[in-house]
Amino acid sequence: ERFPKGCTSVLVVPNKNTGNHNLLIGAGDGTVAYLNPNLNSVADMRTNVMGGAMSLCKHPNKSFFTVGTDQSNRYEISDDLVETELKSSCHFGGVNDVAFPESCSDLIITSSTGDIRIWNVKMRQELLRIQVPNLDCSCAVVSPSGTCIISGWNDGKIRAFYPETGRMRFVIADAHSEKVTALAIVDDDSRSPWRIVSGGSEGRVRIWNVTSSHQSLISSLKEHRGPVNCLKITKDGRECVSASSDGSCIVWDLDRYVRLRAMFEPNIFTSVLYHPDESQVLTCGTNGNITYWDASDGQAIRVINGDSVFLQTLDVNNTGEYFLCGGQDKLLKLWHYDDGIPVAIGTAHSGTITACKIAPDQKSMVSVGNSGEIIFWEMPKHEDLQKYLEV
């Protein structure tokens, strides 16, 4: 018997009816099938799973097999190969971004190679998978109303999906000449029209007008000379800050679509955010420093050494008292904003932390990495953090 993409796993299974031993074969194309002692297929004893079947295991007490695939799926299959149930899943490539819907701490949206996934935080289970084969989703955000997932892809397109079904809502073709690297939503999408800000690896920041029937380009801003890695919008939707690999962060006027001010540093900026009161801007990058900037004039106020290696991501809680960061050292650190010291450190990642978020209810955190992991953390209690700061 020949199997497409080869035999990737084999398990010897006793046949209670004949007393012989059959072989359970897992193949690279996802086929799971029985072979008799003559190595011929057993009729009607075959099923398929998503991804190559890399491991097979028989439950010692129950009548089912566990199958693990190279797409990070784990199945339970009955002994007769009739019933197949997906028990758990995760990304099989690096996770590029993670986002919470507004005012919802029970769900997260993750972006990775070939798909976007929606997860139940409490159950740690995948609820929906939106697949776009052979492409890489570099960023995704949820609209304020929660009715749309906006995503950026490496083919230069912005794709929007309905979160309930995963069905396509609209596509902005050729949004950027290269891949879309950053996204932000300006307005409340419950009122039409509303705007999207996108950043590309060619260095352009573009503002799009979105209605129920069409999407159009409002303005294309080209001052960055490197990829735009992060975008953040002020609460009133009048300003936007972009962080780029060219060593600059630029604040844009979203009414007149011009540059207001710029911040420069010998650094590849990877993440930027506004303090909740929008008086300061926080940045991090490959120099390992976390820099506080005055939002009104763009002057550096303070620089703290976040790490000896590069930092990849930042997030701040809703009071502005603490912020979160992660990067190449695989450590997730919670910092006190005013004191500039780490108050909690999490060690669980096996690779670079690519994105992190504090939940809207401020009770938990989530971080993702380039090794494909999604890790949930409990936010330390405020009383415990205060005791640590007093010491």
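Buried means under 20% relative accessible area, exposed means over 50%, and partly exposed lies in between, with a 1.4 Å probe and protein chains only. By that scale Asp-155 is partly exposed, because its relative accessibility is 28%.

The model is predicted: local features need pLDDT of at least 70, side-chain atom pairs count only at pLDDT 80 or more, and totals for chains, interfaces and linings use all residues. Residues are numbered from 1 along each chain as its sequence is written, and side-chain values use heavy atoms, with hydrogens and water left out.

**Salt bridges**

A salt bridge is a side-chain nitrogen of Lys or Arg within 4 Å of a carboxyl oxygen of Asp or Glu. The count under this rule is 13 salt bridges. Side chains of opposite charge can pair when their charged atoms come close.

| Asp-106 | Lys-122 | 3.9 Å |

Elsewhere, salt bridges with shared partners join Asp-115, Arg-117, Glu-126 and Arg-129 into one network.

Strands (E, at least two residues) and helices (H or I, at least four) are DSSP runs, numbered from the N terminus. Asp-106 forms a salt bridge with Lys-122. Asp-106 lies in the loop between strand E9 (95–99) and strand E10 (107–120), and Lys-122 lies in the loop between E10 and strand E11 (125–142), so the pair ties together parts that are 16 residues apart in sequence. Asp-106 is partly exposed, at 38% relative accessibility, whereas Lys-122 is exposed, with a relative accessible area of 65%.

Two strands pair if DSSP finds at least two bridges between them. An open sheet is formed by 4 strands in the order E15-E16-E17-E18, with antiparallel pairing. Strand E15 (180–185) and strand E18 (215–222) are the edge strands, each pairing on one side only. From one strand to the next the twist averages 20°, where axes are lines fitted to C-alpha atoms (for helices over the stretch in contact) and angles run from 0 to 180 degrees between N-to-C directions.

Strand E16 (residues 194–200) pairs with strand E17 (residues 204–210) in the antiparallel sense over 6 bridges, and Gly-199 stands opposite Val-205 in E17. On the pairing of E17 with E18, the sense is again antiparallel, over 7 bridges. Arg-206 has Ser-220 in E18 as its bridge partner. E17 and E18 form a hairpin with 4 residues between them.

**Nonpolar cores**

A nonpolar core is a set of buried Ala, Val, Leu, Ile, Met, Phe, Trp, Tyr and Cys residues joined through side-chain atoms within 4.5 Å. The largest has 16 residues, of which Val-197, Val-205, Leu-231, Ile-233 and Leu-254 touch the most other members. At least two residues of this core come from each of E15, E17, strand E19 (228–233) and strand E21 (248–253). E19 gives the most, with 3 residues.

Leaving aside neighbours within four places in sequence, Val-205 is in contact with residues including Val-197, Leu-221, Leu-231 and Trp-252, contact meaning heavy atoms within 4.5 Å. Another core, of 15 residues, lies apart from the largest one and has Ala-160, Ala-175, Val-180 and Leu-183 among its members.
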